[in-house]
Amino acid sequence: VSVSSRLSHDLKTPLNAIMGMTQLLIEESSDENLREPLSIVQRAAGDLSATVDNLLGWLSPSTETPPNGESGVQVRNFIFDIVDRLTAYQATTIECSIDDVPNYLDFRATAYEQILRQLITHGLSFGTDSPAALSVQLIELDPEFGLLFGLNLRADQRTVLRLSQVFEVDNDPDRFNSSANADIQGLLNAKALAERIGGNLTLAVDTSDALSFQLTLPVRSPMR
């Protein structure tokens, strides 16, 4: 039996069971003191499942060849695959909009997946039950291009105020390290990772109950 087959069976199967059963318990429980730790377990299992997926992809790389001599990462498949996996066991849905983006772009797929996974997983925890929206567009970014991801959701005014304080430009991120909950720390980790590779993560507040996480990541045209 191959290593990838053992990983898929021995890790993915129980992780899927954990995520599925915790989702059922969350939906059936009216006790908020129970729902919060269950949500933490579910998110942790989801993070580990995504890590296993990355390892399986490295062990069994895709043999698909881009058409017409193109190279790079298939952008839409890359994004939709991440969103589908992260929302498979969550009640929240994400409506994706990808406009005027080339089919293939060059970027560090593993690092970008980790950043997007952190942003979506922890960002959604601050929203209400209404569907979230993820928009993706190509922008100019020195020295070439960038992908701008906008994760838009509804949140209560207290949450909007707290997140605004976290994302203030002059704030020292270490200020929140000791007191921040896991989801704020996850967003700060995504911000730090994005900045490390030349990107950025900011927060835009549209109204008192609507906010947008704006993630910019550098990309290059393939065959350059």
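Visitor: How many bridges join strand E4 to E5, and how do the two strands run?

Guide: In this predicted model, 9 bridges join strand E4 (residues 132-141) to E5, and the two run antiparallel. A hairpin of 2 residues leads from E4 to E5. Within this pairing, valine 136 has phenylalanine 149 as its bridge partner in E5, and glutamate 140 has phenylalanine 145.

Visitor: Which other strand is joined to E5 by bridges?

Guide: Strand E7 (residues 210-219) is joined to E5 by 10 bridges, and these strands run antiparallel. Asparagine 152 has serine 212 as its bridge partner in E7, while phenylalanine 145 has valine 219. Phenylalanine 145 is also the bridge partner of glutamate 140.

Visitor: Do E2 and E4 run parallel or antiparallel, and how many bridges join them?

Guide: E2 and E4 run parallel, joined by 6 bridges. In this pairing, glutamate 95 stands opposite alanine 133 in E4.

Visitor: Why is serine 221 called buried?

Guide: A residue counts as buried if its relative accessible area is under 20%. Serine 221 has a relative accessibility of 19%, and therefore counts as buried. Serine 221 lies in the segment after E7. Apart from neighbours within four places in sequence, serine 221 is in contact with Leu105, Asp106, Glu144 and Phe145.

Visitor: How do you know that threonine 22 is buried?

Guide: The relative accessibility of threonine 22 is 7%, so this residue counts as buried, the cut-off being under 20%. Threonine 22 belongs to helix H1 (residues 3-28). Leaving aside neighbours within four places in sequence, threonine 22 is in contact with Leu38, Val41 and Gln42. A polar atom of the threonine 22 side chain also lies 2.7 Å from the backbone oxygen of isoleucine 18.

Visitor: What makes aspartate 100 count as exposed?

Guide: Exposed means over 50% relative accessible area. Aspartate 100 reaches 73%, and therefore counts as exposed. Aspartate 100 is found in the loop between strand E2 (94-99) and strand E3 (104-105).

Visitor: What is the phi of aspartate 100?

Guide: The phi of aspartate 100 is near 50 degrees, a positive value in a residue other than glycine. Most residues other than glycine have a negative phi.

Visitor: What puts the buried residues of helix H5 on the same side of the helix?

Guide: The buried residues of H5 (residues 157-166) are Thr159, Val160, Leu163 and Val166. They cover an arc of only 120 degrees around the axis, which places them on the same side of H5. On the other side of H5, Gln157, Arg158 and Leu161 are exposed.

Visitor: How do you know that aspartate 156 caps the N-terminal end of H5?

Guide: A side-chain oxygen of aspartate 156 lies 3.1 Å from the backbone nitrogen of arginine 158. The limit for a polar contact is within 3.5 Å.

Visitor: Which residues touch the most other members of the largest nonpolar core?

Guide: The core has 45 residues, and Ile79, Leu134, Phe149, Phe213 and Leu215 touch the most other members. Helix H4 (residues 109-124) gives the most to this core, with 7 residues. Beyond four places in sequence, leucine 215 touches residues including Ile115, Leu116, Leu119 and Phe149. In soluble globular proteins, nonpolar side chains tend to be buried together.

Visitor: How many helices and strands does the chain have, and what share of its residues is buried?

Guide: The chain has 6 helices and 7 strands, and buried residues make up 42% of its 224 residues. Among contacts with a separation of 6 or more, 73% are between residues 24 or more positions apart.

Key. Residues are numbered from 1 along each chain as its sequence is written. This is a predicted model: local features need pLDDT of at least 70, side-chain atom pairs count only at pLDDT 80 or more; totals for chains, interfaces and linings use all residues. Side-chain values use heavy atoms; hydrogens and water are left out. A nonpolar core is a set of buried Ala, Val, Leu, Ile, Met, Phe, Trp, Tyr and Cys residues joined through side-chain atoms within 4.5 Å. Buried means under 20% relative accessible area, exposed over 50%, partly exposed in between (1.4 Å probe, protein chains only). Helices (H or I, at least four residues) and strands (E, at least two) are DSSP runs, numbered from the N terminus. Contact means heavy atoms within 4.5 Å. A polar contact is a pair of N or O atoms within 3.5 Å; within protein, one must be able to donate a hydrogen and the other to accept it, and residues adjacent in sequence count only if both atoms are side-chain atoms. Two strands pair if DSSP finds at least two bridges between them. The arc is that of the directions from the helix axis to the C-beta atoms.
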